[in-house]
Number of protein chains: 2
Amino acid sequence: NGGVWYSCKAWVRSVWEFGKEDPNRVIFSLKVGLAVLLVSLLILVRAPYEIFGVNIIWSILTVAIMFEYTVGSTFNKGFNRALGSLLAGILAVVAAQIALCSNRVFEPIIIGISIFLVGTVTSFMKLWPSLVPYEYGFRVILFTFCLIIVSGYRMGNPIRTAMDRLYSIAIGGIVAVLVNVLVFPIWAGEQLHKELVKGFDSVADSLEECVKKYLEDDGLDHPEFSKTVMDEFPDEPAYRRCRATLNSSTKLDSLAQSAKWEPPHGRFKHFFYPWSEYVKVGAVLRYCAYEVMALHGVLHSEIQAPHDMRVMFGAEIQEAAAQAAELVRRLGKDISDMNRTLKASLLKRVYASTERLQAAIDMQSYLLTSSSSYNDKLPSSKLDSDTNLNLNPPSETYHEMMRKTSRRLYSWPSREVDAYEEDAGVTASGVLPKMKALESTASLSLATFASLLIEFVARLDHLVDAVEELSSMAKFKSEVEL
Amino acid sequence: NGGVWYSCKAWVRSVWEFGKEDPNRVIFSLKVGLAVLLVSLLILVRAPYEIFGVNIIWSILTVAIMFEYTVGSTFNKGFNRALGSLLAGILAVVAAQIALCSNRVFEPIIIGISIFLVGTVTSFMKLWPSLVPYEYGFRVILFTFCLIIVSGYRMGNPIRTAMDRLYSIAIGGIVAVLVNVLVFPIWAGEQLHKELVKGFDSVADSLEECVKKYLEDDGLDHPEFSKTVMDEFPDEPAYRRCRATLNSSTKLDSLAQSAKWEPPHGRFKHFFYPWSEYVKVGAVLRYCAYEVMALHGVLHSEIQAPHDMRVMFGAEIQEAAAQAAELVRRLGKDISDMNRTLKASLLKRVYASTERLQAAIDMQSYLLTSSSSYNDKLPSSKLDSDTNLNLNPPSETYHEMMRKTSRRLYSWPSREVDAYEEDAGVTASGVLPKMKALESTASLSLATFASLLIEFVARLDHLVDAVEELSSMAKFKSEVEL
């Protein structure tokens, strides 16, 4: 009927979209199909079957287990499998020889002990931090050893068994590697390259989005916090991508690990391409992204500067953020194009806009903290500060904050005067007028936002350095500055 | 000789330490050894071998592949393997029947096409985001299908082949599960529980460490930034643990995923224990930890408040941080002990200390930004502000900052006066006296530090909520508040 037909169509469409989003997915699937088909032909066609015999089914297993998404990780897994099988074979032959030399009665006991030992030792070793990447290899050692020694015991001649298994595994491995490399190869290096560039873009987007929202936000319709933190801020796509960047360290690591196994390819022409440098740039980029997270934190903070105060700094904040985002994007684009450009003029503009923001804050800090004394001092700008005062709804933000902060407490003391008395050395003559104190607390939130932004810019320097080092080690081609 | 003997001893000691650090590692290893030994006995001992035959080697493979660290993930992998094998068996029998019905010539062609299709479809499906956790299951489907259909083709009777394989896999699976559950079980739930508590402790430690360093830091011996970011701040162990907490989302997820497969055990007595709630608490904790990262960012920021200014707020900052860390530790301890206590008095103390910090900053903001007008207004505290002024080495921090910021630029404009002129609407009558402006910029760094700390406290509210929800869903036992 219609409903089923409709949901079927929707399903087909979503699968289609998923494939279209990254055609490598479809390519990978077809490659796996091709690889298992090729190996199966060795059995299905009569001629090779008569040569290799039943043992050839091990090569199917090998293909199915070894075939990975990227070329590098297939090499890596193949290496694990090959070395693991080899070691297991040697171990098994040695153990079998020892067992054969002994009394017929002790033979199964020696085999049993050897199996227990191999199982225990390989399992312990794969927990060792520096051996964790070879986890799969240890698994291979374990089961290959068991299979060879056990079937050798029942069928005699463990060396023969080991050999048969080894060459059928080798065939499977070769087929998997050939299909993976020769048919539309998906290179881990290329993926790593793209992933890093995506990170740059997402940090830049997220910075701009965050600043835009901060300046637009009128503080009226904040959804409940706990909802947003669980839904991961549904209306901020760039933030979520930035957060994904922060969590991408494992992904970058494993891609770099795989990329090291790959021969020079495509745009990455020379041997010993500095893949580990990508991980380092990624780390510095994450270090910058933490600052964006902090900015985002201020955006969703409970203590908020009034909207009109934000608008006052709007131009400077916007400008500084735009310049910084531009620089980050440019760095990403340079990596993407494997270019090496001088960033001096861009950096200069970024710093200039940040300077302007700093200056504006310095000016404004008078306004924010003590409006009356400011008026005394600079009577020329009386109008400004007056409008400012009128625009601030008196201590509304503070009450909002207190309501939230104290909602868990039933007997919240309205103000702990005695507590202030304690540290009279600092606060001199006691209690501040309520309103002023709180106004400045709220406006400090704005100062925090600005200084986090400035700190973000300060960190860009290191990002530029890191990218510069990557460029030189990876021999990106230089260009004259635009 | 002596050298070899010595390094050998060092090696043995490090292995010993590694095992002692977490005895579960040794237990796990011995369990794997035991499991493979038990399965091997089925072949080594004559009686079961005569019943089961050669096919029993599949159970060794199953144990070696299925045996995981925790009970939950072994169940999970066993489920994947069982369902995968079952589906593969059904598919293979269907495909084989179709092939058998056809012409003798077409049989291998149909089998080949079916292998290609299964390979392609399973590979595509395992890339689908919601199916990623079942990646292993799809691999099992693929190779089991291939093995059954291919060996069925060569040995006739695919149903018989399928059955033989299925029960030997079942035996392997049962042995793996029994050994894993009955011999010193390592529960994923227990691990998850400990991991979360560890997260609380590391956030608390890191907060205290960060504040301690901030107040101690005299700004003199900052090591080169790029070195520290690469070595991951070697002298800050708690920071590194906090960072590990931030990156632990994948670990918590997979542990929770595994824990769902586990029956009630140990302290977790009821069915449908809310393991996913642990992940949520972890998310909120991470949200707090971002604030600690931001604090740490200010600590290593390039623009720094002078040391004596930090010391002025030392008592308040220390107090607020200590209270907040205390609360976080207490939350962690409550989870650890599965207690449910009211946090009202603790929260009250945290808020009170934060309030005091806010008040101190409000006071001080007068001092920092416009000392002259402050003196006019509150002559009683003249002494305070005077000492303050004397303590600040004039604009040294700023020059330091400028040196760093501009080291990449050869022609840094000393001050872009015209740029300020542009936004004259905000800054009114032009350029501020240089010194004052910059002093306040540097001291804004202190304000940032304080307001990030305050924001951290504000977020604790949500953390308390999240822990409260976990407590009620997991039915922690209530206690009267201390």
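How many helices and strands are there in chain A? Chain A has 21 helices and two strands, taken as DSSP runs numbered from the N terminus (helices are H or I with at least four residues, strands E with at least two).

This is a predicted model, where local features need pLDDT of at least 70 and side-chain atom pairs count only at pLDDT 80 or more, while totals for chains, interfaces and linings use all residues. Residues are numbered from 1 along each chain as its sequence is written, chains are lettered from A and ligands numbered from 1 in the order in which they are written, and side-chain values use heavy atoms, leaving out hydrogens and water.

Here are the scores, with pLDDT being the predictor's confidence in each residue, from 0 to 100.

| Score | Value |
|---|---|
| Average pLDDT, chain A | 75 |
| ipTM | 0.74 |
| pTM | 0.75 |

In chain A, 78% of the residues score at least 70. Residues 370-438 of chain A sit below 50 in pLDDT, yet beyond near neighbours in sequence this stretch has 94 contacts in the model (heavy atoms within 4.5 Å). Of the chain A contacts with a separation of 6 or more, 80% join residues 24 or more positions apart.

On to burial and surface. Of the 482 residues in chain A, 56% are buried (under 20% relative accessible area; exposed is over 50%, partly exposed in between, with a 1.4 Å probe and protein chains only). Chain A exposes about 20,800 Å², and carbon and sulfur atoms supply 64% of that. A:L87, found in helix α5 (residues 71-101) of chain A, counts as partly exposed because its relative accessibility is 40%.

Definitions and conventions: Accessible areas come from the Shrake-Rupley method with a 1.4 Å probe; for residues, only the protein chains shown count as cover.
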